[in-house]
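Please examine the structure shown below. The paragraphs that follow lead the reader through it step by step.

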Protein chains: 4
Amino acid sequence: MRTNPSRAIDDATLADRFAKVRALTEAMVSPLSDADATVQSMEDASPAKWHLAHTTWFLETFILRDFVAGYQLHDERFPFLFNSYYEAEGRRHARGRRGMVTRPTLDEVLAYRHHVDAAVIAALPGLPAAAVELVALGCHHEEQHQELLITDILHLMSENPLEPAIWPAAPKVPVEMPGPIGWIEGAGEVVEIGFEGTGFSFDCEGPRHATLLRPHAIADRTVTNGEWAAFIADGGYTDARHWLSDGWAWVQREGIGAPLYWERRDDVWTRFGLDGRRPIDPAAPVTHVSFYEADAYAAWAGARLPTEAEWEVAAAAYDVSGGNQLDSAGPVEPRPSAGGPAFFGDVWEWTGSAFRPYPGFKAIEGAVGEYNGKFMSGQCVLRGGSCATPRGHARASYRNFFYPHQRWQFTGVRLAKDL
Amino acid sequence: MRTNPSRAIDDATLADRFAKVRALTEAMVSPLSDADATVQSMEDASPAKWHLAHTTWFLETFILRDFVAGYQLHDERFPFLFNSYYEAEGRRHARGRRGMVTRPTLDEVLAYRHHVDAAVIAALPGLPAAAVELVALGCHHEEQHQELLITDILHLMSENPLEPAIWPAAPKVPVEMPGPIGWIEGAGEVVEIGFEGTGFSFDCEGPRHATLLRPHAIADRTVTNGEWAAFIADGGYTDARHWLSDGWAWVQREGIGAPLYWERRDDVWTRFGLDGRRPIDPAAPVTHVSFYEADAYAAWAGARLPTEAEWEVAAAAYDVSGGNQLDSAGPVEPRPSAGGPAFFGDVWEWTGSAFRPYPGFKAIEGAVGEYNGKFMSGQCVLRGGSCATPRGHARASYRNFFYPHQRWQFTGVRLAKDL
Amino acid sequence: MRTNPSRAIDDATLADRFAKVRALTEAMVSPLSDADATVQSMEDASPAKWHLAHTTWFLETFILRDFVAGYQLHDERFPFLFNSYYEAEGRRHARGRRGMVTRPTLDEVLAYRHHVDAAVIAALPGLPAAAVELVALGCHHEEQHQELLITDILHLMSENPLEPAIWPAAPKVPVEMPGPIGWIEGAGEVVEIGFEGTGFSFDCEGPRHATLLRPHAIADRTVTNGEWAAFIADGGYTDARHWLSDGWAWVQREGIGAPLYWERRDDVWTRFGLDGRRPIDPAAPVTHVSFYEADAYAAWAGARLPTEAEWEVAAAAYDVSGGNQLDSAGPVEPRPSAGGPAFFGDVWEWTGSAFRPYPGFKAIEGAVGEYNGKFMSGQCVLRGGSCATPRGHARASYRNFFYPHQRWQFTGVRLAKDL
Amino acid sequence: MRTNPSRAIDDATLADRFAKVRALTEAMVSPLSDADATVQSMEDASPAKWHLAHTTWFLETFILRDFVAGYQLHDERFPFLFNSYYEAEGRRHARGRRGMVTRPTLDEVLAYRHHVDAAVIAALPGLPAAAVELVALGCHHEEQHQELLITDILHLMSENPLEPAIWPAAPKVPVEMPGPIGWIEGAGEVVEIGFEGTGFSFDCEGPRHATLLRPHAIADRTVTNGEWAAFIADGGYTDARHWLSDGWAWVQREGIGAPLYWERRDDVWTRFGLDGRRPIDPAAPVTHVSFYEADAYAAWAGARLPTEAEWEVAAAAYDVSGGNQLDSAGPVEPRPSAGGPAFFGDVWEWTGSAFRPYPGFKAIEGAVGEYNGKFMSGQCVLRGGSCATPRGHARASYRNFFYPHQRWQFTGVRLAKDL
């Protein structure tokens, strides 16, 4: 949520943005059947229908219920079903059983969306500033769920032995193999990181604060599929020396030997994507790797992962709205880069930093305050945004976070080293 | 399968029966959405769509593929998806992941059914006797899955916090509370049990063989909901003395305190059914109880469960086609009995007999031989058929079997005692 | 417990028997350290110290506490620690945590034994008949625990990578390989089984009752290690057709490919025993196989397991006190047979019968009534006694029982077939 | 290991230190029986015998084997048993099965110790500098295991329903209740942290490096048992708002409602310790709390945990050799403080910092390099040393680390806040 709640927001602009965000979500589920939208493929993932409804519940609860006099819930049974984790909002359906909810149907959930959308748009002109900000927050919240929606659908389809493609493949544009990594050097100095300014940010991105860097270099591109295949070929997954102890235990226990969705078929590495199973593109950024894998790769490569401060300082010089990010519904995936260094899009980049509060961080009061702060243990920070991140959603200060074993998001690796 | 494979079968009769059986299955899924038909609510249950497809795979594999020259599989990817447990038929999708198969859709599965139905009907006149028998077996196999389909749908709906009713409630016919149990006495003598005759039976029902009964009495009706509520009120679930050791551990571990689907609401026992949640009917047979519960109830009541031989001998005098069995799609459930003793319909009755081979049992050669024999450990025999058993499917010699903790089927209790 | 409680017992004879039984138990633990006697190697097994104390608690509770006026418990904290499963005797230490009890020490437990032994011997002349019977029951109970003690120690030692031998190997007596199985035929007729007479028996062995056999033959010896090696070499553990469904799942899940304690070393099958790891003796009975393995072997061999009635009728003609049974502490193990058919000793023989109550069975009132009856679900009957069964303990009517996957007891296989 | 490997070490001093450290370990196990020393109470803990042997294996492997020509292993089977986690040293016994090793006995392990001790002392004068350093490392390694030994024994005894005291209680010295927390302020400035100097340190304590603090205050004492009881009384364990999401899930799943070893008896909070179960001392520092609990307490108290840099800078002004640390074998436990602020001893203090490498950290080559670096994920840093930390072992720069749910160590809480 915003660090700067008093700024002016233009209602018409917001209404337009709201409509576009909500529409993109629905475009993304357009190829899904009711069944596709209902099944939960693992505890970490949620059904598409749940994402559609939860983001709507968020708007209905924190805006319509709290700020619109006389508003009646669309269905009083929905809060129990579609609250995610807000303890202050009362009891809720067990996360691992979200896939049991075959009813309401996809169509009924879409009707719920349209009802709430109309109510928000109608209410917008009369909302107090605090509620207007919640509309903006609702848009950002929805964008986060767009990305989860894509990755959760991908995971579900990967569990179907038929390996359905839900989108036709994008046309292939031949791209040269990227050359060797170039290194962007950074001095040892006190710098400031964290969000500052008049736009939107999440609470965990602030306060902006000084931090001390040491002399270092950060790669000008992420690791490619081709480089990852070399890591595998060199025994990267079978040599304990590269691995953190927890990572090695995970590799052994889960039988991990390649990124998620990779399979060796007829002596060729393939990956499963929204367009089905296809050979990997050696020039494209590797994705669907865990923190453990990222760290092991870096150790194998004689490098390390960047800290989030190193990343943020380096990224500040690059265009946050460039690169391969989500613009429209379709078979998103990391793509080979045509141009020079880029820090946004394609894959979220694991950093070596634990997701902990910045100095001076205070969670906001009330249910919305459960947004980020309570997740600040055991997770790692990722930076940059991916091919599934709506363009405009990420920032240089944006802090994404996942557990070190998770890899169903579009997660990749950028190297760094000490100077 | 038949014990008497050489008997004549009238093709027209069989074709008619085949069409009716297949149609009833589809009528039963008529209120289901694609999503309803896709989700798997627990490892023991299967998605409705899977039942629809698996029964079709059975026909396609053992009849069309094996006996119809030039038959092309409707979809060569389906055997992997829809084989249940036939090891001889090769690898198959993991049972616990059946709910991941959002595609093919329900409509596509129905198209698969219609394709195979047409092919079977077309082939029927030219099939050799062995294949004709497999058509008859396919009908019986389908009937078994009709019952599973109903109970699996019920379980799925029970997992939805909204507790949807998929059928309107049947009109209530007022019935008097049943009087005290009457006891049907049986002598100590050598009797014969097991299937014999010219009709169809499953391999595990034979060979017919002599067995020795001891003097005993068997109840003329099953235990009612009202009687079960008295057992609960008397502390039946909290007194270890009534319980088998494994049963007591199950009660403790799972927190069991009432039949499945029962909940206490506003000081009234309710049950969930295909018509939603409603108060229990104290006059109706109790159902959704496990073998452990059945055994504990019998111990509490100073009785025991009947052996399967006692049951079969007693049941032989009653009308196998009477009682509350499945005739058409709708909100089936056990109902209070209007008349005298009955042994068929309403609920499957747990016996005290382990599901083991009869003397002289030999499993049939080939994949179809995996039908029953390999399940002959750890399970208990149930007799009689339920409200979800297609009328005509059960026989006095019919042996159903489940593990002692399972209770999502329409399972109930008939008492017996020594004389 | 006795079926014939009114018979006379000679106190001096009983005192002598009591002393011998109690002494044998202690001889068996003589090679154990305090640590050896304390550790619990798995949930199914108990520490040796626990067996020593539990059998003593049994005597102290049901004889001294209940029948000796003024008796003070040796240690009032022991009942909580050493009650096994008697719900009527109150709360008790969790079975899986028995290995946490490093104190009392082995010496303290032996002191507990000696204290209770002296008190029982002193009380014996004045005990009422019911209590005298409990002394006899206590002896039989102790003998059961002697066998468990041996098998639990063996299991513990097998978990130590050093594979310690706790006894020196017995001298090897060269024995010829047994010839082909001979078949003992049995007629189809009504026979009586179950305990009858004036001696001791457990409640589950009765009532004696008529049962109907069919024409059959039962092997005159058990399956040997050499025959089992042939089963393995023929792919017995990798061909699903031989296996019950539950058994096949067990084989897959646990990675089973040979009897427990077998390992292939330098191309030779070895087994671990109380005398350490040594090559298998191909002429000796195979042991440490589960019911699932026994059933699969029988299927592979074109035979079946005997019913417990077939076994009991055949065994009645043989010497219950012959064969390889436990006489003294030492490295017991199944041995090749020198002579003709034998039905007692070497290995417990899996039957095809589920452990269920005999017709007319009633559990005794009170805590001692929890002895057998409550275990009558999910387990299989074994007959005959093993090399670890104290000579004099087993009878033709004796019913041992274990779950179908268990195999740390000395369990083996005798084949049968229909005629 | 040392950051400064070239410094001179006085052999006589080192020999003396070596002897004292090794002797203290043995004094600590003096009240243990063979059984006490053998049992493993949980996966996180190891048997006392294992600690005794593992520390000896460390010396034998990295000093005697690698640097003493002609040295023969005391027992060539021991490396498999007593290697902890050094992948480079080959296969090893599964951590969770350490408690199965009843043999070698405690006496045999002590003989192993004495053999290796003598060999090390004899070899010392002739060892090269690198090996001499490994002797020093071996002493520090042994001290770490002394602390684990104490906490693992405590855990084992707590699992015994008899709750044995292995030491008599220390005499109670009456101490006044501590007054309110005083706050030590720290400026916002660049400081240096990490080890520097000529003494010993572990690799993870360096390199010394600059870091930027923000204005803050850190408490002058740790939280007491009395304060913790107030937290409980105020519903601290039942209000989700105080808790990190992972912590709340842990509280729910494990049923946590008080520090480990606390039990409410007769309306009094008691704790279990090496001297048995006794009432808590409200003036003493709370201990056996997890990071999750520490963080929740801080949130409830309106404060936060200190960063490790804040802690280290504040602690630098205090006497590292003061306070309640381990000097001799006995019933160690946190004690009320008599004097002013102290930063060492009593309890390890959870910081808010994740255990990650310092800038420029490089793990040492070879097996010893597995010492710390590979554990740098998922764990939290603790500072200060406890009542079970050998005096002289800890330093201001010392970084201890555990997973956020672990609490069987002497772990406590010091608060901090922003200024």
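In this predicted model, the crossing of helix 1 of chain C with helix 5 of chain C is left-handed. Helix 1 covers residues 11–28 and helix 5 covers residues 129–158 of chain C; the two pack at an angle of about 20°, and their axes are 10 Å apart. An angle under 35 degrees counts as roughly parallel, and helix 1 and helix 5 of chain C are therefore roughly parallel to each other. From helix 1 of chain C, the residues that meet helix 5 are C:Leu14, C:Arg17, C:Phe18, C:Val21, C:Arg22, C:Leu24, C:Thr25 and C:Met28. Their partners in helix 5 of chain C include C:Val132, C:Val135, C:Ala136, C:Cys139 and C:Glu142. The residues of this contact between helix 1 and helix 5 of chain C divide into eleven nonpolar, two polar and four charged.

Helix 2 (residues 48–67) of chain B packs with helix 4 (residues 106–123) of chain B at an angle of about 30°, with 9 Å between their axes. Helix 2 and helix 4 of chain B are therefore roughly parallel to each other, and helix 2 of chain B passes helix 4 of chain B in a left-handed crossing. On the side of helix 2 of chain B, the contact is made by residues including B:Leu52, B:Ala53, B:Leu59, B:Ile63 and B:Leu64. On the side of helix 4 of chain B, residues including B:Leu106, B:Val109, B:Leu110, B:Tyr112 and B:Val116 take part. The residues of the contact of helix 2 with helix 4 of chain B comprise 13 nonpolar, one polar and three charged.

The next subject is the annotation of the chain. An unreviewed UniProt entry lists residues 18–133 of chain A as "domain: DinB-like". Over residues 18–133 of chain A, the chain is 51% helix and 0% strand, and the end C-alpha atoms are 12 Å apart. For "domain: Sulfatase-modifying factor enzyme-like", the unreviewed UniProt entry lists residues 200–317 and 343–417 of chain A. Over residues 200–317 of chain A, the chain is 31% helix and 19% strand, with 20 Å between the end C-alpha atoms.

Some details of the backbone also deserve attention. Most residues other than glycine have a negative phi, and most peptide bonds are trans. The peptide bond from A:Gly206 to A:Pro207, however, is cis, with omega near -5°. A:Pro207 lies in the loop between strand 2 (190–193) and strand 3 (209–212) of chain A. In chain B, a cis peptide bond joins B:Gly206 and B:Pro207, with omega about 0°; B:Pro207 is placed in the loop between strand 2 (190–193) and strand 3 of chain B. In chain C, C:Tyr261 has a phi near 80°, a positive value in a residue other than glycine. C:Tyr261 is found in the loop between helix 7 (245–254) and strand 5 (262–265) of chain C.

The arrangement of the chains remains to be described. Two copies of a chain are related by a rotation about an axis and a shift along it. Chain A can be laid on chain B by a turn of 180° and a shift of 0.0 Å along the axis, with an RMSD of 0.0 Å. Of the residues of chain A, A:Ala35 comes closest to the rotation axis, with its C-alpha at 1.9 Å. The contact takes 24 residues from chain A and 24 residues from chain B. On the side of chain A that touches chain B, the residues divide into ten nonpolar, eight polar and six charged. Because 100% of the interface residues of chain A are also interface residues in chain B, the copies meet through the same surface.

Chain B can likewise be laid on chain C with an RMSD of 0.0 Å, by a turn of 180° and a shift of 0.0 Å along the axis. These two copies are thus related as by a two-fold rotation axis. In this contact, 25 residues of chain B meet 25 residues of chain C. Strand 3 (209–212), helix 7 (245–254) and strand 8 (348–354) of chain B each supply at least two residues of the side that touches chain C, and the largest share, four residues, comes from strand 3 of chain B. The residues of this side of chain B divide into eleven nonpolar, eight polar and six charged. As 100% of the interface residues of chain B are also interface residues in chain C, these copies meet through the same surface.

Other pairs of chains do not meet. Chain A and chain C do not touch, and their nearest C-alpha atoms are 15 Å apart. No contact joins chain B and chain D, whose closest C-alpha atoms lie 15 Å apart.

Definitions and conventions: Residues are numbered from 1 along each chain as its sequence is written. Chains are lettered from A and ligands numbered from 1 in the order in which they are written. This is a predicted model: local features need pLDDT of at least 70, side-chain atom pairs count only at pLDDT 80 or more; totals for chains, interfaces and linings use all residues. Copies are superposed by least squares on the C-alpha atoms of residues with pLDDT of at least 70 in both. Two residues are in contact if their C-beta atoms, placed from the backbone, lie within 7 Å. Ala, Val, Leu, Ile, Met, Phe, Trp, Tyr, Cys and Pro count as nonpolar, Asp, Glu, Lys and Arg as charged, and the others, Gly among them, as polar. UniProt positions are given in the numbering used here, feature names are shortened, and annotations may be inferred rather than shown by experiment. Axes are lines fitted to C-alpha atoms, for helices over the stretch in contact, and angles run from 0 to 180 degrees between N-to-C directions. Angles under 35 degrees count as roughly parallel, over 145 as roughly antiparallel, 65 to 115 as roughly perpendicular and the rest as oblique. A crossing is left-handed if the near helix is turned anticlockwise from the far one by less than a right angle, and right-handed if clockwise.
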